[in-house]
Amino acid sequence: MPELLLELFSEEIPARMQRKAADDLRQLVTDALVAEGLVYEGARGFATPRRLALSVQGLPGRQPDRREERKGPRVGAPEKAIEGFLGSLGGLTLDDCETREDKKGAYYVAVIERPGRAAEEIVAGIVPEVIRKFPWPKSMRWGTGELRWVRPLHSILCVFDGETVPLEIAGIVSGRTTYGHRFMAPEPLEAARLDDYEPALKAARVVLDSQERAEAIRNGARNLAFAQSLELIEDEALIAENAGLAEWPVTLMGRFDEAFLAVPPEVIVTALKAHQKCFALNDPERTAPFGGAALSNRYILVSNLEARDGGRKIVEGNDRVIAARLSDARFFWDTDRATPLQEMTGALAAVRFHEELGSMAQKVARVETLAGEIAGTIGADPEKAMLAARLCKADLVSGMVGEFPELQGLMGRYYALEQGIDAEVADAVAEHYRPQGPSDALPLSAVAQAVAVADKLDTLIGFWAIGEKPTGSKDPYALRRAALGIIRIVLEGELRLRLLPLATAHEGVPAGEGGRDALAADLLDFFADRLKVYLREQGARHDLIDAVFALGGQDDLLMIVRRVEALGRFLETDDGTNLLAGVKRAGNILRIEEKKDGRAHDGAPDPALFEQDEERALASAIDEAEMRAADAVAAEDFEAAMAAIATLRSPVDAFFDAVTVNADDEALRDNRLRLLSRIRAATRAVAEFSRIEG
């Protein structure tokens with residue numbers, strides 16, 4: 001079947017926009033084709049620095065004929081109603097309509113036959129509309145025209161089944177011409193289908209597929225490094241960015257003065273990446289002065305052309321720029337080291353954290369207090385934790401972090417070590433931002449964990465207090481990420497930490513509407529939602545989490561998870577499944593009868609009113625199970641608590657088989673409802689069974 005080949009050729013498209021733009025072009029065009037009845041077999045989108053391209057295979061040459069029926073007014077309807085109906089039909093008369101019958105009588109039906117249009121005609125209408133409405137994050141106008149595109153649009157290649165699709169937008173007329181590499185093969189070339197378009201571009205020094213360009217960069221960089229007995233520091237994001245900057249990527253190796261290796265390796269790696277999009281290299285034969293990666297004074301750059309001199313001039317130019325950048329970095333390093341971290345903390349008073357939550361110095365003071373409390377709870381040294389918290393934001397005012405914000409925390413660690421501060425405190429300064437995502441590493445030491453939790457918890461409490469909670473898909477302050485970070489630290493580090501007392505007693509931020517208790521309770525609900533997300537990814541059931549949180553006051557995340565895990569294992573047994581059914585039956589009866597009576601049937605039943613052995617057996621079993629479950633929960637042995645509750649299965653089943661709850665005698669009925677209420681209360685020692693599905 002025929003193929004549609006489309007290319008939109010422009011000035012350089014920013015690398016960060018290319019992948020989504022290729023996907024958007026494919027989605028917009030194919031959706032529009034399908035809406036017109038043109039169903040295709042497959043579609044591929046492409047992006048290079050200067051073009052978006054699309055190949056749609058297996059398109060029919062013509063739109064199918066369509067038959068549409070429109071129901072009109074009743075026969076004999078007012079003239080205005082009939083005129084309005086005919087007006088919507090585009091010139092048809094009543095003679096063109098059919099008369100049909102239903103139970104209410106005769107009515108008019110217009111049958112409209114629409115012959116299918118040629119695919120070329122439909123494409124010619126779709127492409128200009130897609131170009132006009134293309135969802136670029138940023139776009140521009142150029143010259144005197146009104147068309148907006150990410151960069152000036154130069155030409156449109158649009159070919160269907162080997163023939164040019166005629167269309168025009170903003171004075172740009174479609175054709176079958178494209179262009180090769182800007183410098184190495186700028187001459188025009190023609191293509192009619194992907195099978196000749198892609199090879200023709202490659203012959204003109206343009207690699208169409210971004211993944212192929214990325215692989216060329218990866219392999220070229222590895223080979224150059226291997227040839228010099230060096231190791232490439234892999235960076236997939238940097239590879240993808242370079243693939244978006246070069247249509248014909250060529251890897252080259254440059255070098256800088258070894259004296260710059262006295263600067264921390266992360267600074268050099270960041271400077272190479274941020275300023276010149278270059279890859280750093282490790283030298284296995286070197287010993288790193290800071291205990292980290294042993295960097296080489298060589299690097300890999302990606303050029304967009306094959307230079308006649310083998311790239312010598314390109315490398316020399318990059319060497320000069322990188323030398324200047326590293327000179328700046330060394331200046332910041334030397335200058336910052338001359339200022340004690342404690343002195344840097346004084347400058348945080350001039351750094352605004354948030355208009356309603358004060359300066360960064362005020363935040364640090366709050367985090368210091370929290371860190372001390374948390375450290376005492378999780379077995380860390382409170383004094384070290386408080387010192388680390390006091391210093392953790394100091395490097396924000398350093399010259400190095402001002403130049404490279406992504407190095408915050410890490411530079412604080414280096415400055416702390418330079419100034420003889422305890423290594424555990426220095427590590428906590430670097431690690432307190434962790435984890436910054438679901439796959440990021442966690443802080444290692446207990447001191448670092450205390451500071452990391454304190455920093456994130458202060459942020460959550462503060463923004464909750466001023467009403468800046470996440471809403472829907474909007475989370476400008478990354479509060480979901482902060483909560484998930486605390487959850488990961490607590491659960492993966494197996495930390496015992498109660499959140500409610502910390503949130504309730506936290507000073508230095510507004511109390512929020514309803515006071516600190518209401519704020520803490522609302523924040524705990526947010527943690528419950530985040531915990532569901534985290535555990536769902538681990539395979540846990542969200543309803544079990546609800547069942548545990550519904551008990552109230554559950555703010556020890558580690559114990560919540562252990563209780564959920566024990567509950568899940570219990571419900572997988574026959575005893576668990578049958579007991580759940582019995583408890584739900586008891587709960588349903590109570591809910592119905594309490595609604596009917598307008599009161600709760602709480603309180604202990606009267607043993608003197610028991611008439612049947614099953615009542616006495618159930619009451620005795622509940623007494624025993626409650627006592628054993630309470631002892632087990634107090635000992636945090638949730639498996640034993642489940643086992644204690646499981647003993648209720650047989651007496652509950654026997655009770656429902658033999659006893660009529662809604663007896664005619666009102667006193668007897670009330671006593672039996674109280675017994676059901678005790679079943680509900682006994683199971684609440686481990687979970688709120690009414691929240692469990694199934």
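This report looks at the nonpolar cores and the aromatic rings of a predicted model.

## The largest core

Let's start on the inside. In soluble globular proteins, nonpolar side chains tend to be buried together. Here the largest nonpolar core has 104 residues, and those touching the most other members are Leu460, Phe527, Leu531, Leu567 and Leu676. The element that gives the most to this core is helix α15 (residues 446-465), with 13 residues. Because domain 4 (343-539) and domain 5 (568-691) both give residues to the core, it lies between them.

Leaving aside residues up to four places away in sequence, Leu567 touches Leu544, Ala547, Met642, Ala687, Phe689 and Ile692.

## A second core

There is also a separate core of 37 residues, with Val267, Ala280, Phe332 and Phe404 among them.

## Rings that meet

The model has 10 aromatic pairs. One of these joins Trp136 and Trp149 edge-to-face, at 5.2 Å centre to centre and with 85 degrees between the planes. Both residues lie in the loop between α3 (119-132) and β7 (153-160), so their pair ties together parts 13 residues apart in sequence.

Now turn to Trp333 and Tyr414. Their ring centres are 6.2 Å apart and their planes stand at 90 degrees, so this pair is edge-to-face. Trp333 belongs to helix α8 (residues 312-337) and Tyr414 to helix α13 (residues 410-418), so the pair ties together parts 81 residues apart in sequence. Trp333 and Tyr414 are both buried.

## Charges over rings

Elsewhere, Lys71 places its charged end over the ring of Tyr107, 4.6 Å from the centre.

How values were computed. Residues are numbered from 1 along each chain as its sequence is written. This is a predicted model: local features need pLDDT of at least 70, side-chain atom pairs count only at pLDDT 80 or more; totals for chains, interfaces and linings use all residues. Side-chain values use heavy atoms; hydrogens and water are left out. A nonpolar core is a set of buried Ala, Val, Leu, Ile, Met, Phe, Trp, Tyr and Cys residues joined through side-chain atoms within 4.5 Å. Buried means under 20% relative accessible area, exposed over 50%, partly exposed in between (1.4 Å probe, protein chains only). Helices (H or I, at least four residues) and strands (E, at least two) are DSSP runs, numbered from the N terminus. Domain bounds come from an automatic or database domain assignment. Contact means heavy atoms within 4.5 Å. Rings of Phe, Tyr and Trp (its six-membered ring) pair if their centres lie within 6.5 Å; planes under 30 degrees apart count as stacked, over 60 as edge-to-face and the rest as tilted. A charge sits over a ring if NZ of Lys or CZ of Arg is within 6 Å of the ring centre and within 35 degrees of the ring normal.
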